[in-house]
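Me: I have just loaded this entry and would like to talk through its architecture with you. Please walk me through the numbers as I ask.

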Amino acid sequence: MPNDNPFQDPLRFERQAPECAVVIFGANGDLTKRKLIPALYRLAYDRRLAAGFAVIGTSRTPMSDDQFREKMREAVEKFSEDTKLDEEVWGAFARGLFYIAGDVKDPAMYKALGEKLAQVEKERHTGGNVLFYLSTQPSQYATISAGIGAAGIGKGSGWRRLVVEKPFGHDMASARELSDQLHQVFDESEVYRIDHYLGKETVQNILAFRFGNGIFEPLWNRRYVDHVQITGAESIGVEGRGAYYQEVGALDDMIQNHLLQVMATVAMEPSASFRATSVRDERSKLLRSIRPWKPEEILQNTVPGQYGPARIGGEDVPAFRQEPGVDPATQRDTYAALTLFCDNWRWAGVPFYIRTGKRLAKRVTEIAIQFKSAPLHLFNQDGGEGGLNLLILRIQPEEGISLKFLSKRPGSGMTLRPVSMDFNYGTSFGERSPSAYETLLLDAIIGDPTLYTRQDMVEASWAVVEPIQNVWRSVKFDFPNYASGSWGPAAADEMLARRGHEWRRP
Amino acid sequence: MSTTVAPDKILKELAGLWVEEGKQGPSGVLRACTMTLVVIAEENDDAAALGETVAALMPEHPARTILVRLRAGHERALSERVYQQCWKPFGQRQQICCEQIELTASDAALGDLPSVLLPLIVADLPVILWCRSARLTEMPEFLEVAGLATKLVLDSASFGSATAAIRRIASSQQRGSGTADLAWTRLSRWREMLARVFENRVYLSRLHEVSTIQVTWGDGFESAGWYLAAWAQNALADAGVNAKSSVVHGSGTICIELSGGSFRAGLRREDDRLVVTVDELSNCTHLPQPTDYLLMREELGIQRRDPIFERTLSTAARLAVSSASE
């Protein structure tokens, strides 16, 4: 008897989640309200969840099941950007919401959780499958994992999976230590490290663009690509998270995980199949090929920054050091720019410039692939951009792809000017794109880890970032070094200028 | 009514429309096109409803739409109208527009239709032909029109004889053209519900008990009945189970039951609800009849071969033929 369901029709049927219970630790937190519950509700709205589905929320705040349901209803109403609350769908979804109050350090909480899981399995027919989602302080991950193990709920009649949010450690040693602690209860195949950037439709579209089309891949190498710029810019400041940000900084918060994963997606080799193992193997290989800088090379090839005060649009905005909860003398980076090289045959010698920052000129995430100029300039060119061919993969806010090339300006004479050929994801496909959390939660429930980060990928990222972190922490920088609302410190421009390049102004 | 239509003139009018539209506002206009959608409908087909269906499809499947309205009669008549359909996505300033061309053709002018359609097809993109006229499919000119399409969408439920329609669609499939039948598309959610029953490992392990597939169809659902039986038979065969199919006329819409030994799983429609029964347990879900928009939305989303439909079609044609000869 085959194990596969012979009635499935993947061409026409939506991916369906199997029955399960999702246990959210930190259920009274911001992430649960803003992202997790709205995403799960949307999956229910789209009939993607099984009838046997339940959520058990847990946190320290005392609350009844009904109070939890009411809070989550408010969250869905407030944070579901494009989904109105449908009373009938919400009613069915809310009946599967449960809550347990308790401290993650208290063994009694896990005992109560075990009893609740048994009750929910019986009443809601969740099939014994459990997805644990850690939406708590990272310092509690190991405690929770150990608590789950000690209570015997880390194993059961169905599958068990553990989703952890970044940061996965704060350096190589802590990342390994965390991993070892999780592995005492969960196998690596059961650990899902979430990087919501990888769940974005447009990041996934990079793979489709590269490997679904035959025309780009031949150009995707050192022979034709001059350099690559990856920008993850935010226009807002730390928005009340000053104390957290002071501990983490831009390098760890954005580059170690999100932007290095994006770089891996852009630069990886084609995988033999679209199976999770193959894709993640290729990403991991690319991350391991990034050359870590020696300490003496770091200040030439990396630039930290911290925003100062400015007046933007008639409003005075504070410097990072003036934000609530931030040490007035802090040396933490709110901006980071790196030059990286991949030591492999495809990319040898091609600089990858990565930058991220708070309070930059605009909110934009994009990848710009600058192709080499034509070998000979035959024509006059407006703007003096020297035969610019640029492929821009826009991730947010307006997802899409643009190709810039030169075209003859109308009229007599052969004067060329750059023009842009744009593909806009939202307009070419009018259907709604699922949010990153919808995609990733569904993947975790189905058991597809393709878009999740594996331990070897985490370690490869730390191998790149940790030496930079060590040098930056040993130097006293003259912060603040960029004004809010600008495109970052002048030193970052100089870093590119040394190789004859300049940052794009997205 | 004119008797000639010049494709060059239509293309020129379309180009003029883009220039005019571009002058309307500072944000300009974005042209969106992922296919040519040719819709052929009888003159008495509800024009307003059809227009709304096409309009609803455009944001998700932007296309150059060529709507051909058929006029029965011997008088030779062919005419055209060109216009655009535009919308602004929520929160965006830029308008997105699609081109629409409306042609009217009398029976006597049908022979001219392919030569008008061919130059109007957008280069290098798929051509989907949605033929809503069962009458046209029986006319000799249809083959030439259908030959322009990369995918032909028909609805066997609108044909006089379902079994004849299935056989005709199957032979069209064998000729190599990609064909879809909306009678099959209507079954997607049904099939999905049945598939979900067997996501449960306990029920999946009991599949080998099934020995009979019983399908009962009501008026208007005959071809769907054959498809459902054929699909279930193929799926069971893939699981190594040989089951006997029985497809009979009854009341209501359609229902299917797989049974054998002590196992029984079935689906039946009750008004806007679908009732799934496994042994003595039953579950009910809201499932209104899909609209033309939903059916076409699904079909336009599939522009490659659909192996499950192709295999079902071939089995359904065989079942229907053997049933007729009994």
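Me: In what order do the 6 strands of the open sheet in chain B come?

Reply: Ground rules: this is a predicted model, where local features need pLDDT of at least 70, side-chain atom pairs count only at pLDDT 80 or more, and totals for chains, interfaces and linings use all residues. Residues are numbered from 1 along each chain as its sequence is written, chains are lettered from A and ligands numbered from 1 in the order in which they are written, and side-chain values use heavy atoms, leaving out hydrogens and water. Helices (H or I, at least four residues) and strands (E, at least two) are DSSP runs numbered from the N terminus, and two strands pair if DSSP finds at least two bridges between them. The pairing in this sheet is mixed, and the strand order in chain B is 10-9-11-12-13-14.

Me: Which are the edge strands of chain B's sheet, and what is the average twist?

Reply: Strand 10 (244–249) and strand 14 (281–286) of chain B each pair on one side only, which marks the edges. From one strand to the next, the twist averages 15°.

Me: At what angle does helix 10 of chain B run to strand 9 of chain B?

Reply: Axes are lines fitted to C-alpha atoms, for helices over the stretch in contact (heavy atoms within 4.5 Å), and angles run from 0 to 180 degrees between N-to-C directions. Helix 10 of chain B lies across strand 9 (212–217), strand 10 and strand 11 (254–260) of chain B. Its angle to strand 9 of chain B is about 165°.

Me: How many of the 17 residues of helix 10 of chain B are buried?

Reply: Buried means under 20% relative accessible area, exposed over 50% and partly exposed in between, with a 1.4 Å probe and protein chains only. Helix 10 of chain B is largely enclosed by the rest of the structure, because the buried count is 14 of the 17.

Me: Which residue of chain A is the bridge partner of A:A233 in strand 13 of chain A?

Reply: Strand 13 (residues 352–357) of chain A is joined by 6 bridges to strand 7 (residues 225–233) of chain A, and these two run parallel. Another 6 bridges join strand 13 of chain A to strand 12 (residues 335–340) of chain A, which runs antiparallel. On that side, A:Y335 stands opposite A:G357. The partner of A:A233 is A:G357.

Me: Why is strand 13 of chain A largely enclosed by the rest of the structure?

Reply: A:F352, A:I354 and A:T356 are buried on one side, and A:Y353, A:R355 and A:G357 on the other. Strand 13 of chain A is largely enclosed because the number of its residues that are buried is 6 of the 6.

Me: Which helix gives the most to the lining of the largest cavity?

Reply: On a 1 Å grid over the protein atoms alone, a cavity is a set of points where a 1.4 Å probe fits but cannot get out, and lining residues have an atom within 4 Å of a point. Grid points are joined across faces, edges and corners, and a volume is the space filled by probe spheres set on them. There are 3 cavities of 30 Å³ or more, the largest of about 50 Å³, with A:T202, A:L393 and A:G400 among its lining residues. The top contributor, with 3 residues, is helix 7 of chain A.

Technical notes:
1 Å grid on protein atoms, 1.4 Å probe; cavity = no way out; pocket = protein on both sides within 12 Å on 5 of 7 lines; lining within 4 Å.
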